[in-house]
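Dear colleague,

Please find below the structure that I am handing over to you. My notes on it follow directly after.

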Amino acid sequence: MRIIYGLIFFGFSCISYSQEIKQDEKDSIISLSPVTVTGLKVSPERRTEITQNVIYSGKKNEILNLSKMNANLTTNNAREVFSRIPGVSVWENDGSGIQINVGFRGLSPNRSWEVNTRQNGYDISSDVFGYPEAYYNPPLEAVENIELIRGGSALQFGPQFGGMLNYVLKREKNKKFSFETQNTAGSYNLMSSYNAIGGKTGKFSYYAYNHSRSADGWRENSGYKVRNSHIFLEYEFTENTKISAEYTNMDYELKQPGGLTDQQFKENARQSFRDRNWFGTPWNLFSINFDTKFSEKWTSNTKLFGLMGERNSVGFTATPNVLDAVNTTTNQLANRRVDRDSYKNYGLENRNVYRFKIGKVNNNLAFGVRAYKANMNRLQNGTGTTAADFDLSIQGKYVTDVDFYTNNMAVFVENQFKITDKFSVTPGVRYEYISTEGSGRLGIANGNDVTFNRNEIVRTKPLFGVGLEYKFNTTNIYANATQAYRPVLFSDITPPAVTDVIDPNLKDASGFNADLGYRGTVKNYLNFDFSLFYMSYNNRIGGVRRFINDDPSLGTYLYRTNLGETVTKGIEGFLGLNVTKLFKVEKTYGNLELFSSVSFIDARYTDFSVFSASGTAPNVVISETNLKGNRVENAPRYIHNFGLSWNKNRFSSSIQYRMNGKVFTDSNNTLVPSANGVTGLLDKYHVLDFSSELKFYNNYNLRFGINNLTNEMYATRRAGGYPGPGILPGEGRTFFVSVGAKF
């Protein structure tokens, strides 16, 4: 039987690899998450039916315990860290790790904006609905677990298509005082230091850390300095009631080398033609958390949280085929563009679990409420200096100066009916109220302000879902279907040009996620999760060309409205096999583990109209075509990861292989790259990562790793604006060495 399991693993891996070879060039859109292999431990882990007032029964969920893996945590290498989760696309803008860009099941990885991103259970993105980009993520050296619930999380956490991603920070629960330090040096003057203290004495607990990191960067004209600080305090009134507070502050300066044309990328991926582009994001998060147990049947958690942050950028933003050169008339460089956002968000979230019986049927009722208020002030197109430093001063006033407001109220109820000890059904509903509005200056035309006064958009949205789970001994079958939606973003309701018009009846994107899978563990040597998924994403927004006043002689304008829909379906699989435990030789040879994380993704437009104008007035012609059948941009055809890990005594080592195939970067599925590098097919790549750790004298560790061992030249994305425009290269070969201790 053990041999059969081994053959299944080998065959599954071979099928996954041959799939890449057999795809034709048009269809082989692949994006692969690296396979990490860390012996001895079972990873990813999965939550029990109910954990911390959340029902997980019937939902696809994965828990990554970072202490149980070898990876480059210093620079937040998402390619390594998420390797065990099938279907994860990763955008690599730079090697700083300041922003983690991940997407699931073909959704865009752009600053994880299709995901409900949290830290210790509360929001960390700019505005959950109007501008859901995550400019902040904690340093992974400070993270204990990463929790992920796929689309089925929409009822308990929010309506996002991509599910919920939560970074759970470390805490000291046993000692009165502990100290941890991890100090790292690496390629291109990488220097990093993570230091933390924590403890528990009586009813009082505390934890605090500071993480500082800097490097010159792999590419020319790149580099960064980042600092993350955090403090946590907790007091237990009784065994069942406690209150805690935490505060996080982050500040960084990131020099951006800009994008490249494809020709520039082929000549030298490390080169840069921008030495005046900067980005910075001071960020502040706070939370007050209250846990109580009213009775043996009823537990409750309440969080009050807030965010105050900024997004600041200054640079020369032309496409890479335009040189940032001195103007021969003025004898100066061009003025840079300055953009600034500021965010002030507050929220309250309460969630509960109540256990009761209906007849002989056990029930677990999860219910809660959420209140959220956000304000964003957006300043864009400021005329900056001609200098090269991180100077945000401008001449005159910003062309765009708009305030956006979001108000949200939500309630949810899910009930797990335990029909038998093995079979449960969990239906649920979430009811959302969202209002958004904006006002201010949209632009300047002929010296006059173009005002923006978007009337308040109010909508109420019920979301329904159901999950099923049937348990065997250590395995289970699960299935779920959950509605999801995405409110129109601020960028959707503000036209990029003063001549554009926004549909006043613009609808939110809506759809649903569905899963059917089989998962579990077999004895102590096999960990697996295989599933089918289906995602419908409707009311996508696009532009329609129309005649001004219905008169061709007056030209056209762009009308932004809901135009189409996409459907994504596929297969996801994870398989971890501990070979030495399978053959019962781990005492002699240690733990040797094989990992395979694979996904096959078919993401296509089922209906999306595209309008273009040709000719000159009065003989302008508007033509309509449809993208039906085209592949969704940035959605890889498949993502595969393979890895090997060995662990014996105090030494562990892992090597993982990421295969990333060709990816379309625009909805038109453009094959030939544009001259400016903004559109075109991205080529496939394979990346090999190696990490190891030696623990000695009980309290100390020595870590070493090489990322991109074969020095592959590759790119994961193209950008139309920041941090490009153009093609953005991934990093070549880099290494790190780290020494740490914990007392």
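How much space lies in the largest cavity? About 550 Å³ of space lies in the largest cavity. The terms need explaining before we go further. On a 1 Å grid over the protein atoms alone, a cavity is a set of points where a 1.4 Å probe fits but cannot get out, whereas a pocket is an open set with protein on both sides within 12 Å along at least five of seven lines; lining residues have an atom within 4 Å of a point. Grid points are joined across faces, edges and corners, and a volume is the space filled by probe spheres set on the points.

Please keep in mind that this is a predicted model, in which local features need pLDDT of at least 70, side-chain atom pairs count only at pLDDT 80 or more, and totals for chains, interfaces and linings use all residues. Residues are numbered from 1 along each chain as its sequence is written, and side-chain values use heavy atoms, with hydrogens and water left out.

Confidence

The pLDDT is the predictor's confidence in each residue, from 0 to 100. Its mean over the chain is 91, and 94% of the residues reach 70 or more. Over residues 1–40, however, the pLDDT is below 50; this stretch has 140 contacts in the model beyond near neighbours in sequence, a contact being heavy atoms within 4.5 Å.

Cavities and a pocket

The count comes to 10 cavities of 30 Å³ or more. The largest cavity is lined by 41 residues, of which D94, G95, S96, G97 and E731 are the closest to its centre. At least two lining residues come from each of α2 (78–81), β4 (88–91), β14 (241–255) and β36 (734–742). In these names, helices (H or I, at least four residues) and strands (E, at least two) are DSSP runs, numbered from the N terminus. The lining of the largest cavity comprises 17 nonpolar, 19 polar and five charged residues. Here Ala, Val, Leu, Ile, Met, Phe, Trp, Tyr, Cys and Pro count as nonpolar, Asp, Glu, Lys and Arg as charged, and the others, Gly among them, as polar.

The second largest cavity has a volume of about 200 Å³. Of its 20 lining residues, N93, D94, G95, S222 and P257 are the closest to its centre. Two or more lining residues are given by each of β13 (223–238), β14 and β35 (726–729). By class, seven residues of this lining are nonpolar, nine polar and four charged.

The second largest pocket has a volume of about 1300 Å³. It is lined by 49 residues, and Q52, K242, N289, D291 and N301 are the closest to its centre. Strand β16 (residues 283–293) supplies the largest share of this lining, five residues. The lining holds 12 nonpolar, 18 polar and 19 charged residues.

Salt bridges

How many salt bridges does the structure hold? There are 41 salt bridges, each being a side-chain nitrogen of Lys or Arg within 4 Å of a carboxyl oxygen of Asp or Glu. One of them joins the side chains of R118 and E349 (2.7 Å, N to O). This pair links distant parts of the chain, 231 residues apart: R118 lies in strand β6 (residues 116–119) and E349 in strand β18 (residues 337–358). R118 is buried, with a relative accessible area of 0%, and E349 also counts as buried, at 5%. Buried means under 20% relative accessible area, exposed over 50%, and partly exposed in between (1.4 Å probe, protein chains only).

D492 forms a salt bridge with R560, with 3.4 Å between the closest N and O atoms. D492 is in helix α4 (residues 490–493) and R560 in strand β27 (residues 556–578), 68 residues apart. Both D492 and R560 are buried.

V501 is in strand β24 (residues 501–502) and is partly exposed, at 34% relative accessibility. Leaving out residues up to four places away in sequence, V501 touches Y557, L558, Y559 and R560.

V361 is in strand β19 (residues 361–383) and is partly exposed, with a relative accessible area of 24%. V361 and K418 are 57 residues apart in sequence and 5.9 Å apart in space, C-alpha to C-alpha.

Yours sincerely
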